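User: I have a structure open and a few quick things to ask. Can we go through it together?
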Amino acid sequence: MSGGGCSIVWFRRDLRVEDNPALAAGVRAGAVIAVFIWAPEEEGHYYPGRVSRWWLKQSLAHLDSSLKSLGTSLVTKRSTDSISSLLEIVKSTGATQLFFNHLYDPISLVRDHRAKEVLTAQGISVRSFNADLLYEPWEVNDEEGRPFTTFSAFWEKCLSMPYDPEAPLLPPKRIIPGDASRCSSDSLVFEDESEKGSNALLARAWSPGWSNADKALTTFVNGPLLEYSQNRRKADSATTSFLSPHLHFGEVSVRKVFHFVRIKQVLWANEGNKAGEESVNLFLKSIGLREYSRYMSFNHPYSHERPLLGHLRYFPWVVDEGYFKAWRQGRTGYPLVDAGMRELWATGWLHDRIRVVVSSFFVKVLQLPWRWGMKYFWDTLLDADLESDALGWQYISGTLPDGREFDRIDNPQFVGYKCDPHGEYVRRWLPELSRLPTEWIHHPWNAPESVLEAAGIELGSNYPLPIVEIDSAKVRLEQALSQMWQHEAASRAAVENGMEEGHGDSADSPIAFPQAMHMEMDHEPVRNNNPVIVTVRRYEDQMVPSMTSSLFRVDDEETSVNIRNSVVDTRAEVPNDVNVTEGPRRDTLDQAVTQPARTNTTPPQFNFVVGRRNSEDSTAESSSSTRERDGGVVPVWSPSSTNYSDQYVGDDNGIGTSSSYLQRHPQSHQLMNWQRLSQTG
């Protein structure tokens with residue numbers, strides 16, 4: 001059939017034919033050309049890791065097979081600029097429409113906004129849709145129309161919205177193919193020879209692809225979900241949903257997960273099954289944390305780089321690559337931490353509870369820069385997800401108003417007996433400790449010499465002594481926090497006295513990623529001092545804040561002040577002709593927290609994409625109070641005017657814990673004064 005008038009459906013992290021609004025719109029419009037563009041360089045430091053790339057390769061092959069069974073196929077392109085590739089595809093196919101689904105990480109927000117600008121200027125009709133969330137971020141606000149600043153309030157509002165999330169869409173029965181004869185596919189290479197051996201092992205444990213995701217959902221809902229509440233903290237058995245990689249790549253929609261689980265909720269409620277109801281509520285909370293990660297990323301697009309509570313900018317992180325190496329290699333001397341890190345390296349997976357353990361140890365005991373930990377998790381996790389990772393590391397670092405107190409250190413010895421009471425998890429991943437009796441398995445340094453000798457363990461030789469004593473770590477953390485508060489107070493006083501920036505701010509002195517991480521180190525773009533002002537068109541679909549100071553280094557650093565005083569009606573700019581600087585970015589959030597996307601346990605987990613190259617300059621207009629979106633009214637994006645002093649009430653193993661630590665310093669619970677991001681109209 002002729003390519004004229006056909007539609008492009010641009011697949012990204014929505015690799016499914018079921019409940020895919022962009023695909024459904026393309027099918028309704030007529031002939032479809034399905035496109036996937038592989039442009040990992042656009043992600044800056046967050047070039048996808050080995051296991052993540054393996055999953056993507058399998059998932060794309062699965063999607064292509066499904067599309068072929070429906071009448072078309074997937075056009076793949078290798079690019080360093082997605083928008084240029086889209087323009088080339090439009091030119092070669094004669095397409096007149098582009099459909100895609102929303103993403104919420106900072107890179108995608110900028111890229112998608114620019115795509116709408118550029119293609120609309122070429123006369124292409126561009127529409128985008130919600131396929132990743134129950135509710136769009138701009139749909140969930142408090143009574144005064146402002147974004148929520150605590151998870152509990154946010155999730156309570158989601159569960160009490162006057163309208164339910166839309167029901168999941170069925171797959172199309174047939175797709176009319178557009179003429180892609182002049183638009184050949186590029187061969188995409190996701191792994192090199194050195195990675196193939198390790199990747200082969202992944203296929204024995206995981207089955208990527210949207211139909212496999214559907215099976216995984218059904219298996220979980222009809223099995224482990226019933227005892228999820230009782231078993232979710234057990235690290236030595238398969239007690240979680242294992243859905244997070246499927247959710248990250250969009251192989252299953254969160255709406256479908258939500259609807260399936262709610263059906264069980266109604267069924268168990270009618271049966272009076274209290275255990276089942278409790279399990280459903282906890283599992284839905286993990287879905288809520290995934291929602292909240294996107295919500296925070298949209299409303300605070302710098303949360304992957306900066307603490308949301310301003311005083312954490314002054315924390316004196318320990319820059320010690322020796323500690324970092326010991327943590328990565330599982331050689332800290334704390335069995336539960338070491339077992340988790342070895343499992344991560346071997347499998348690309350960690351139980352939610354273990355993520356909390358190893359990340360909390362990283363931030364609280366070793367006091368390493370959280371961005372190092374987050375970056376390592378990004379490179380090694382199958383379900384690496386930028387928005388979820390940002391929320392998780394902010395939570396574990398105590399930089400959320402409802403996060404874990406920074407002065408609370410969890411002793412891996414005591415936690416071990418809670419989530420691995422029989423030592424089976426430790427023995428599986430630390431064979432050198434396999435003969436140690438259970439009473440000593442989580443603290444071998446206390447075991448009698450005769451017990452160690454009988455188990456074949458020589459501490460300091462075939463298993464390390466603890467690299468940091470917990471008691472000394474507590475003292476050191478107290479000293480660091482005292483230093484942080486002193487610097488924060490001095491800076492506040494300097495600002496109040498009219499001095500420039502106040503005392504030194506750790507956010508202004510980037511801590512480079514260690515080269516020993518064996519990661520791709522991209523150069524960081526900096527803001528162009530002379531951006532060209534471009535008139536911005538108005539769009540109907542998605543609210544898109546313009547990125548500036550987070551993705552691009554800026555000369556002026558905002559001080560920590562109440563956001564009520566920070567709403568400056570200025571125009572935000574996206575740089576063009578970005579200059580390149582050699583310095584790697586500073587420390588990143590620690591991924592320790594459980595990933596909401598994983599839908600496994602209460603704490604959140606995270607993963608994300610950061611850093612753009614070659615962003616074209618565009619200045620977003622300040623929009624009027626509301627605008628139309630697919631027949632509905634969408635409120636204008638604006639920063640929250642609420643500070644972070646609200647007390648958070650909840651359970652003790654995730655977001656929702658009251659923070660006495662923050663209550664002791666009420667003057668500092670205020671959200672960072674991010675530069676206001678105007679929104680396209």
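Analyst: Start with a term: helices here are DSSP runs of at least four residues, numbered from the N terminus. Keep in mind that this is a predicted model.

User: OK. Where does Asp383 lie, then?
Analyst: Asp383 lies in the loop between helix H15 (370-380) and helix H16 (386-396).

User: Is Asp383 buried or exposed?
Analyst: Buried, because its relative accessibility is 0% and the cut-off for buried is under 20%.

User: What does its side chain make a polar contact with?
Analyst: The side chain of Ser244, at 2.6 Å.

User: Which residues does UniProt place in the "binding site" feature?
Analyst: The unreviewed UniProt entry lists several, including Ser241, Ser244, Phe283 and Asp383. Ser241 is in the loop between helix H8 (228-231) and helix H9 (244-248). At 4% relative accessibility, Ser241 also counts as buried.

User: Switching to H11. How many residues does it have?
Analyst: H11 covers residues 274-299, which is 26 residues. From first C-alpha to last it reaches 36 Å, close to the expected 38 Å.

User: Why is it called largely enclosed?
Analyst: Because 21 of the 26 residues of H11 are buried.

User: And what caps its N-terminal end?
Analyst: Asn273, with a side-chain oxygen 3.4 Å from the backbone nitrogen of Ala275.

User: Last topic, cavities. How many of 30 Å³ or more are there?
Analyst: The search of the whole structure finds 10.

User: What lines the largest one?
Analyst: 24 residues, with Arg13, Phe36, Trp38, Glu43 and Leu56 nearest its centre. The lining divides into 15 nonpolar, three polar and six charged residues.

Note on methods. Residues numbered from 1 in each chain as written. Predicted model: local features only at pLDDT ≥ 70, side-chain atom pairs only at ≥ 80, totals over all residues. Heavy atoms only, no water. Helix = DSSP H or I, 4+ residues; strand = E, 2+ residues; numbered from the N terminus. Expected span 1.5 Å × (residues − 1). Buried < 20%, exposed > 50% of the residue type's maximum accessible area, 1.4 Å probe, protein only. Polar contact = N/O pair within 3.5 Å; in protein donor to acceptor, adjacent residues only side chain to side chain. 1 Å grid on protein atoms, 1.4 Å probe; cavity = no way out; pocket = protein on both sides within 12 Å on 5 of 7 lines; lining within 4 Å. Points joined across faces, edges and corners; volume = space filled by probe spheres on them. Nonpolar A, V, L, I, M, F, W, Y, C, P; charged D, E, K, R; others polar. UniProt positions renumbered as here; feature names shortened; annotations may be inferred.
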